[in-house]
Amino acid sequence: MVEQLFCNLDDKSTVYRSSSDLFEVCTYFIVDDEKVLIVDPGRLSEEVYLWLEQFEDHHKIIFLTHEHFEHHHDVNK
């Protein structure tokens with residue numbers, strides 16, 4: 001499940017969060033009109049990938065905060 005946390009963070013961006021089934025690690029998504037910043041892509045569910053499809057024209061940027069495997073499990077996907 002992807003839930004919206006903040007709307008119009010800087011009058012342009014919206015922040016979303018998804019919790020992984022692997023140690024309940026949170027992945028954050030910061031979305032604006034042109035890009036999606038994906039912070040710590042842990043193990044993402046099929047639901048999250050389906051949600052991301054709405055941003056197919058957006059540039060995707062992945063940001064890893066640290067190297068624990070549960071925070072970068074799906075980075076290659």
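Me: What does "buried" mean for a residue here?

Reply: A residue counts as buried when its relative accessible area is under 20%. In this predicted model, 36% of the 77 residues of the protein chain count as buried.

Me: Why is Glu56 called exposed?

Reply: Exposed requires a relative accessible area over 50%. Glu56 has 63% relative accessibility, and therefore counts as exposed. Glu56 is placed in the loop between helix H1 (46-52) and strand E5 (59-63).

Me: What makes Glu46, Glu53, Glu56 and Asp57 a patch of negative charge?

Reply: Asp and Glu count as negative. Members of a patch have over 30% relative accessible area and no salt bridge, and like charges are joined within 9 Å. Glu46, Glu53, Glu56 and Asp57 gather on the surface in such a patch; for Glu56, the 63% relative accessibility is over the 30% cut-off.

Me: Why is Lys60 called partly exposed?

Reply: Partly exposed lies between the buried limit of 20% and the exposed limit of 50%. The relative accessible area of Lys60 is 36%, so Lys60 is partly exposed. This residue belongs to strand E5.

Me: Which residues is Lys60 in contact with, leaving aside neighbours within four places in sequence?

Reply: Contact requires heavy atoms within 4.5 Å. With those neighbours left aside, Lys60 is in contact with Val36 and Phe55. The C-alpha atoms of Lys60 and Lys35 are 5.8 Å apart, although 25 residues separate the two in sequence.

Me: In what order do the elements of the protein chain run?

Reply: From the N terminus the order is β-β-β-β-α-β, with one helix and five strands.

Technical notes:
Residues are numbered from 1 along each chain as its sequence is written. This is a predicted model: local features need pLDDT of at least 70, side-chain atom pairs count only at pLDDT 80 or more; totals for chains, interfaces and linings use all residues. Side-chain values use heavy atoms; hydrogens and water are left out. Helices (H or I, at least four residues) and strands (E, at least two) are DSSP runs, numbered from the N terminus. Buried means under 20% relative accessible area, exposed over 50%, partly exposed in between (1.4 Å probe, protein chains only). Patches are made of residues with over 30% relative accessible area and no salt bridge: like charges are joined within 9 Å, nonpolar side chains (Val, Leu, Ile, Met, Phe, Trp, Tyr) within 5 Å. Accessible areas come from the Shrake-Rupley method with a 1.4 Å probe; for residues, only the protein chains shown count as cover. A salt bridge is a side-chain nitrogen of Lys or Arg within 4 Å of a carboxyl oxygen of Asp or Glu. The place of a charge is taken as NZ of Lys, CZ of Arg, CG of Asp or CD of Glu.
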